[in-house]
Amino acid sequence: MDSKKAIILARVSTEIQDFTPQTKELIAYARTKGFSQFHNIETKESGFKDLNGKEGFNSLKDFLEKNSDYKTVFVTEISRIARRQSILLTIKEYFVKNKIQLYIKDKDYTLLDENGNTDSNTDILFTLYGYFAESEMQQKKERFQRSKRALAKEGYSISGKRLFGYDRIMSAIGKRTYVVNEREANEIKIIYDWYLNGIEGQSYRTGIKNISLECIAKGFSSYTHSKRNMNKLLKEAAYIGYKITNNKRLNPKYDGISDEPKYVKSSMEIKYPVILSEDIYYAVQEKLKSRNTTADKSTKHTTILSKLIVRSEEHTSELQSLRRI
């Protein structure tokens, strides 16, 4: 008598997690169902990945298509397949269409009956399990985001690139935080003073280009050598100790199938060590705004050809005046 064959599908979400206990549990469970020959598929990937990015399921499909004698899959729980309802339903349709039996260990659930079909009860249960799996993970993500926002508001766990003017250190509570980088902070204060009062007190030398060149000449940090960075530096609210970010983040509900947007707006209140006084910072903001609104933009789209046309018109007008004389 041929041994019964099954696929063991194990998934963990991060590199530090180990799927070995999951695989062992599934093999032991599968043996109680009469199976004795196994093919293991083990992956480390997020349960929220879209269908094309699901390495585990794609490996499963590839193996099934090449090994027609395997018709059964074991997982510990439905979230090991996926956590999005839309993805789960697509995978379920694949199983039903190809008569692939699915066992979910934690619920002692089987997808197909003895004839390889589903009924209303198994359909409802699959949908409910999928709903709870997605809901549970969404709640975890929301709790994580709330915790992250609360920490950022206190000056901890600030993500992203290091902000010029600060260094990241590990705090006493085991969370990363910012401390002032004294050299860079001193350069920031000098740059703000130059923008307000002029380089060396020369009021006509306050332009961003002039300041960047002066930073190069005086050996300031390379960050200050760029006009683009200088613009960012002169507008950085963090230097007065507090700012609210307005960013976009990947929408966890986005799957490329539904109407969910790929990105959603995300804001966060963040506390920083103070480098500048509010008076100096807001004085610079007013000057930036004033220069932006009073700048002469009349020649923005002037071309050589347009200047030639104007000169030609002036010359024609002069000729007409001479003829009248």
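Before the first contact we need one definition: a helix axis here is a line fitted to the C-alpha atoms over the stretch in contact, and the angle between two axes runs from 0 to 180 degrees between their N-to-C directions. Please also keep in mind that what you see is a predicted model.

With that in hand, let us begin with helix 5 and helix 7, whose axes come within 11 Å and cross at roughly 90°. Since angles of 65 to 115 degrees count as roughly perpendicular, helix 5 is therefore roughly perpendicular to helix 7. If you zoom in on this contact, you will find I188, I191, Y192 and Y195 on the side of helix 5, and they meet M230, L233, L234 and K235 from helix 7. Sorted by class, the residues of this contact are 7 nonpolar and 1 charged, with no polar ones.

Now let us bring in helix 6, which covers residues 208-217, and ask at what angle helix 5, residues 182-197, packs with it. The angle is about 140°, and the two axes are 10 Å apart, while the crossing of helix 5 past helix 6 is right-handed. Here I191, W194 and Y195 in helix 5 touch I208, I211, E214 and C215 in helix 6. The classes in this contact are 6 nonpolar residues, no polar residues and 1 charged residue.

The remaining pair is helix 6 with helix 7, the latter running over residues 227-235, and these two pack at about 105° with their axes 10 Å apart. That angle falls in the range I mentioned, so helix 6 and helix 7 are roughly perpendicular to each other. From helix 6 come I208, K209, I211, S212 and C215, and they meet K227, M230, N231 and L234 of helix 7. This contact of helix 6 with helix 7 divides into 5 nonpolar, 2 polar and 2 charged residues.

Taken by class, the lining of the largest pocket has 10 nonpolar, 7 polar and 8 charged residues.

Finally, a search of the whole structure finds 1 cavity of 30 Å³ or more, and the volume of the largest cavity is about 50 Å³. Its lining is made of L9, R11, T43, E45, K54, G56, F57, R80 and I81, with strand 1 and helix 2 each giving at least two residues. By class, the lining of the largest cavity has 3 nonpolar, 2 polar and 4 charged residues.

Notes
Residues are numbered from 1 along each chain as its sequence is written. This is a predicted model: local features need pLDDT of at least 70, side-chain atom pairs count only at pLDDT 80 or more; totals for chains, interfaces and linings use all residues. Side-chain values use heavy atoms; hydrogens and water are left out. Helices (H or I, at least four residues) and strands (E, at least two) are DSSP runs, numbered from the N terminus. A crossing is left-handed if the near helix is turned anticlockwise from the far one by less than a right angle, and right-handed if clockwise. Contact means heavy atoms within 4.5 Å. Ala, Val, Leu, Ile, Met, Phe, Trp, Tyr, Cys and Pro count as nonpolar, Asp, Glu, Lys and Arg as charged, and the others, Gly among them, as polar. Angles under 35 degrees count as roughly parallel, over 145 as roughly antiparallel, 65 to 115 as roughly perpendicular and the rest as oblique. On a 1 Å grid over the protein atoms alone, a cavity is a set of points where a 1.4 Å probe fits but cannot get out, and a pocket is an open set with protein on both sides within 12 Å along at least five of seven lines; lining residues have an atom within 4 Å of a point. Grid points are joined across faces, edges and corners, and a volume is the space filled by probe spheres set on the points.
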